[in-house]
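Me: I'd like to learn how to read a protein model feature by feature. Can you walk me through one?

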Amino acid sequence: MPIGDWLWPAIWLLPTHSGYGEWPASGEIDIVESRGNLNYKDSGGTSVGVDQMGSAMHWGPFMPYNAYHLTHASKNLNGQNFGEAFYKYVVEWTPTDISFFVDDEQILKIDPGPNGFYDFGKFATEVPNTHNPWENSPNKMAPFDQDFYIIMNVAVGGTGGYFSDGLTNQPYPKPWNDQSPTAPRDFWLAKDQWYPTWFPTVNNGEGAAMEVDYVKVWAHGSY
């Protein structure tokens, strides 16, 4: 994973065709996400920087009803970080469940139950009279019963909450506010603070890159 303040690497999946409607109704699978900051903590003092990774599934009938909080897990390293070496991130996707692994350690397994993700998300009670976009699918795993494609990218910053205003960065504070209309400008004006953390003159700046050793995909025997 890249090391550098406000870097946001991700390896994730989106549906080839959004057969159940606009995001998040057709689903999203985040194999791994991380933040490049070396000294970044939540209000409880837990590190949420490059020594933490997360995996998640996004799904819901429509925005803002995205129940990813029910299908999310994270892993922290002790005394190391995910930018110092290669790690193996795996998704095992079957007709009945989806599991996530880091170096063969399972960190998350999701089985929505026999009635699928609509009941799993309790949308009938949480959002009464909401249409179930998956009601015509015979598969309990809908919307995760369709073809997805792989994305590998590194983003920077953003105002969607991944670099929440409630998190604390050291040795300088987050240089923009998510609600500010000038957030991109505020970020850029703080370049002298964050750009050196990308170590652009060391090894041609490769420490701020997401390096991928290999990608392998196998068809599960049930398909």
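Predicted model: local features only at pLDDT ≥ 70, side-chain atom pairs only at ≥ 80, totals over all residues.

Me: Okay, fold first. How many helices and strands does the protein have?

Reply: The protein has 4 helices and 10 strands. Along the sequence they come in the order β-β-β-β-β-β-β-β-α-α-β-β-α-α.

Me: And how do I read the overall size? What radius of gyration does the protein have, and what would a compact globule have?

Reply: You set the value against a rule for a globule with that number of residues. For 223 residues, the rule gives a radius of gyration near 17 Å, and the protein's 19 Å agrees with that. The box that the C-alpha atoms fill along the principal axes is roughly 55 × 40 × 30 Å.

Me: What about burial and surface? What percentage of the residues count as buried?

Reply: Buried means under 20% relative accessible area. By that cut-off, 47% of the 223 residues are buried. The protein exposes about 12,200 Å², and carbon and sulfur atoms supply 51% of that area.

Me: How far apart in sequence are the residues that touch?

Reply: Take the contacts between residues at least 6 apart in sequence: 63% of them join residues at least 24 apart.

Me: Now the rings. How do I read an aromatic pair?

Reply: You describe a pair of aromatic rings by the distance of the centres and the angle of the planes. This structure holds 28 aromatic pairs. Take Tyr162 and Phe163: their ring centres are 5.7 Å apart and the planes make an angle of 80°, so the pair is edge-to-face. Tyr162 is buried at 17% relative accessible area, and Phe163 is buried at 1%.

Me: Let's do single residues. Where does Ser99 lie, and which residues is it in contact with?

Reply: Ser99 sits in strand E7, residues 98-102. Its relative accessible area is 3%, so Ser99 counts as buried. Beyond its neighbours within four places in sequence, Ser99 is in contact with Val90, Val91, Glu92, Gln106, Leu108 and Lys109.

Me: And Gly49: buried or exposed?

Reply: Gly49 is buried, at 0% relative accessibility. You'll find Gly49 in the loop between strand E3 (40-41) and strand E4 (52-58). Leaving out neighbours within four places, Gly49 contacts Ser34, Arg35, Asn37 and Tyr40. Its C-alpha atom is 32 Å from that of Ser18, 31 residues away along the chain.

Me: Last one, then. Where is Gly205 found?

Reply: Gly205 is in the segment after helix H4 (191-194). At 18% relative accessibility, Gly205 falls under the 20% cut-off, so it counts as buried. Not counting residues up to four places away, Gly205 touches Phe199 and Pro200. Gly205 and Ile3 are 202 residues apart along the chain, yet their C-alpha atoms are separated by 10.0 Å.

Terms used. Residues numbered from 1 in each chain as written. Heavy atoms only, no water. Helix = DSSP H or I, 4+ residues; strand = E, 2+ residues; numbered from the N terminus. Rg over C-alpha atoms; globule rule 2.2 N^0.38 Å. Buried < 20%, exposed > 50% of the residue type's maximum accessible area, 1.4 Å probe, protein only. Contact = heavy atoms within 4.5 Å. Areas by Shrake-Rupley, 256 points an atom, 1.4 Å probe, with all protein chains shown as cover. Phe/Tyr/Trp six-rings, centres within 6.5 Å; stacked < 30°, edge-to-face > 60°.
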